[in-house]
Amino acid sequence: MPYSVDELDIWKSEGVRRVLVLAEDWEIEEAWGNAAYYFSLLKEKGFEYLHSPIPDGHAPNKEQFFEIFRWLGKGKGNLVHCVGGMGRTGTVIAGYLMLTESLNAQQAVEEVRKYRPGAVQTLNQFKLLLELELSWSRPTP
Ligand code: 4NP
């Protein structure tokens, strides 16, 4: 979670163009006072954004994950954030890697943990990755 306008400017200077926000409204309010204010700043700074909230400790269901996956594929310079950048973000990025790099769940978790030790935190989150693994490894009828 970014906590200042300066951080948004740093994102911009580092090539971020699109921001996927996984935090819930109340978490954005804790950081920014008001969720609408945060989204208006993202817009003002020229970022495209998608708000796809996931409760802390949880994972998206497959339908929400595929919506996120499609959105990420629509442009470059994607940044994904939740609050800690561990559980929800790790899960979404691991799922993305599974589909784009043909990794299984275990490999994808190992890959994100190279960059963010401890990423993917809960059973719920690992379960989504296992569901993705089962759905892509199953032969098409
Ligand atoms: P996440 O979960 O936002 O899904 O990564 C959290 C991880 C760490 C903290 C909060 C939420 N934390 O405050 O350290």
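# Helix packing, a parallel sheet and the ligand shell

Helix H2 (residues 25-32) and helix H3 (residues 35-44) pack at an angle of about 75 degrees, and their axes lie 8 Å apart. Here helices (H or I, at least four residues) and strands (E, at least two) are DSSP runs numbered from the N terminus. Axes are lines fitted to C-alpha atoms, for helices over the stretch in contact, and angles run from 0 to 180 degrees between N-to-C directions. H2 and H3 are therefore roughly perpendicular to each other, a term for angles of 65 to 115 degrees, where under 35 would be roughly parallel, over 145 roughly antiparallel and the rest oblique.

The structure is a predicted model, in which local features need pLDDT of at least 70 and side-chain atom pairs count only at pLDDT 80 or more, while totals for chains, interfaces and linings use all residues. Residue numbers run from 1 along each chain as its sequence is written.

Which residues of H2 and H3 meet? On the H2 side they are Asp 25, Ile 28, Glu 29 and Trp 32, and on the H3 side Ala 35, Tyr 37 and Tyr 38; contact requires C-beta atoms, placed from the backbone, within 7 Å. The residues of this contact comprise five nonpolar, two charged and no polar ones. In this classification Ala, Val, Leu, Ile, Met, Phe, Trp, Tyr, Cys and Pro are nonpolar, Asp, Glu, Lys and Arg are charged, and the others, Gly among them, are polar. H3 itself is hardly covered, with one buried residue among its 10. A residue is buried if 20 or more other C-beta atoms, placed from the backbone, lie within 10 Å of its own, exposed if 12 or fewer do, and partly exposed in between. After H3 comes Gly 46, whose phi is positive, near 90 degrees.

From H4, Phe 65, Ile 68, Phe 69 and Leu 72 meet Val 92, Gly 95, Tyr 96 and Leu 99 of H5. By class, this contact has seven nonpolar residues, one polar residue and no charged residue. An α-helix has 3.6 residues a turn, so residues three or four places apart point the same way.

The strands come next. Three of them form an open sheet with parallel pairing, in the order E2-E1-E3. Strand E2 (48-51) and strand E3 (78-81) are the edge strands, each pairing on one side only, and the twist from one strand to the next averages 15 degrees. Strand E1 (residues 18-21) pairs with E2 in the parallel sense over four bridges, where pairing requires at least two DSSP bridges between two strands. Towards E2, Arg 18 has Glu 48 as its bridge partner, and Val 19 has Tyr 49. E1 and E3 likewise pair in the parallel sense over four bridges, and in E3 Leu 79 stands opposite Val 19.

What surrounds the ligand? Its shell contains Asp 56, Cys 82, Val 83, Gly 84, Gly 85, Met 86, Gly 87, Arg 88 and Thr 89, each with its C-beta atom, placed from the backbone, within 6 Å of the molecule. By class these are three nonpolar, four polar and two charged residues. Two of the shell residues, Met 86 and Gly 87, are also in contact with Gln 121, leaving aside the neighbours of Gln 121 within four places in sequence. Gln 121 lies in the loop between H6 and H7 and is partly exposed, because it has 17 C-beta neighbours inside 10 Å. The C-alpha atoms of Gln 121 and Asp 56 are separated by 10.0 Å, although the two residues are 65 places apart along the chain.

Most residues other than glycine have a negative phi. Val 120, in the loop between H6 and helix H7 (123-137), has a positive phi of about 70 degrees; with 26 C-beta neighbours inside 10 Å, Val 120 counts as buried. Ser 102 also has a positive phi, of about 55 degrees, and is placed in the loop between helix H5 (88-101) and helix H6 (105-115). Is Ser 102 buried or exposed? Ser 102 counts as exposed, because it has 10 C-beta neighbours inside 10 Å.

Finally, Trp 136 belongs to helix H7 and is exposed, with 11 other C-beta atoms within 10 Å. Its C-alpha atom is separated by 24 Å from that of Val 80, 56 residues apart along the chain.

Terms used: Contact = placed C-beta atoms within 7 Å.
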